[in-house]
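Please look at the structure below.

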Amino acid sequence: MKKRKRTGKHFLSLFLAVSMIAGYIPVTGNVVSAGEEVSVVQIEAEEGREKLNFNQGWKFVRQNIPEAIDVDYDMSELERWENVDLPHTVREESYNNSGGDNYQGPAMYRKHFYLSESYKNKKLYIEFEAVMGVTDVWVNGQHLQGHMAAKTVENTQYGGYLPFVLDITDYVHCDGAKNVITVLTDNSDNETVPPGKPQSQLDFTYFGGIYRNVWLHSVNTVHITDELYEDETAGGGILVDYPEVSAARAVVDIKTHVRNETPQGKNITVLSEIKNKEGKIVGTAQNETTLQSESAESIYQTIEVTSPHLWSLDDPYMHTLVSRVFVDGEEVDREETSIGIRKITMDAENGIMINGEHAGFLSGVNRHQEYPYIGYAASSSLQRRDAINYKSAGFNIVRTAHHPQPEDFLPRGAWDSRFLSGR
């Protein structure tokens, strides 16, 4: 089971460091027109990992304008586009939207951003949590392609329900010069894109747009990988499993995938620590290895936790796995992962067992991802409110319909126990 939680969500930092120029530019509190010369406020990159919110300051138009891919696209034309933030739906729809009456077709998004010289020695990735339909992304005029699409088609991403990550390191300017990202989306009927059938024949709607969050990730050249970008079967990032679980003892297996993107081999140390809610370390493991240049390796570790506080439906207790990577004794990367130590089994004779005890009566709901008017483009707080409402109503399971849920509702790591408990 994959368990991950990412750190460093610098909303204000990105507002300062990755500034909008399309239409208007926020500069030290003043608003200036796009045609004026300005001095853009920037921050310095952090030494370790950053996850920067990339939702603000986009321009949007409900059509395909091929020339908008160009870095020097006419600013006077761009000013005619709408100013939008993400998550975003291509059009606000009526409350009753049955019969496929929602907008279907192309739409474009464009954003200007700036990176200081402190990012020159970093690896930079853009993560789209989901974009509906067929998607194409250009950074400074360079068309990029995700792993899934690269296997079959020429688009960046094919299908609107899965997240994807793009490496933009070699395509951006880290000297204060303008960077441009352009996104073309299309939620038109397409028999080769799930769900495949024309929308008019379906009992649900697939709305368009960049309807979930977008993130800019910054990491060092030796780092824990992103499982979405690596596209490695049962690997990439951090994998956590619990082969033995009891009230007296739990065994936690950890697989950490580390990549060295430098031209030299590196002596690395991977230190994993499990902490309880009070911050006390209840288990640790440390491994050393030599990681060859331009290569990646999975480091396997086992941690034994004595008398663990187990996760259950009535007591959704979460530990924190802290994963740290050192090169020659210096920390270069760090991730924190929420984990719930538990053992779940299911068979015809015993039903569902959690930590060796019968789960009891389970009641739940079925959840789709669409909302009135805004379609799929629900905010983080709205996604989380659903989880809280379900638990407050007495439900303890959720059928997540037919598609991956947003991280705000069902993270790659694990739900925060506050949301699971309804508090």
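## A residue in an edge strand

Asp-167 lies in strand β11. Strands (E, at least two residues) are DSSP runs, numbered from the N terminus. This is a predicted model, where local features need pLDDT of at least 70, side-chain atom pairs count only at pLDDT 80 or more, and totals for chains, interfaces and linings use all residues. Residues are numbered from 1 along each chain as its sequence is written, and side-chain values use heavy atoms, with hydrogens and water left out.

| Side chain | Partner side chain | Distance |
|---|---|---|
| Asp-167 | Lys-123 | 2.9 Å |
| Asp-167 | Thr-169 | 2.7 Å |

Leaving out residues up to four places away in sequence, Asp-167 touches Lys-123, Leu-124, Tyr-125, Leu-144 and Tyr-229. Contact means heavy atoms within 4.5 Å.

Now the sheet. Four strands form an open sheet in the order β3-β13-β7-β11, with antiparallel pairing. β3 (50–53) and β11 (164–167) each have a single partner strand, so one side of each has no neighbour in the sheet. Two strands pair if DSSP finds at least two bridges between them. β3 pairs with β13 (residues 214–219) in the antiparallel sense over four bridges. Asn-53 has Trp-215 in β13 as its bridge partner.

What does the pLDDT average over the protein? The average is 87, and 87% of the residues score at least 70. pLDDT is the predictor's confidence in each residue, from 0 to 100. Over residues 1–38 the pLDDT is below 50.

Terms used: Polar contact = N/O pair within 3.5 Å; in protein donor to acceptor, adjacent residues only side chain to side chain.
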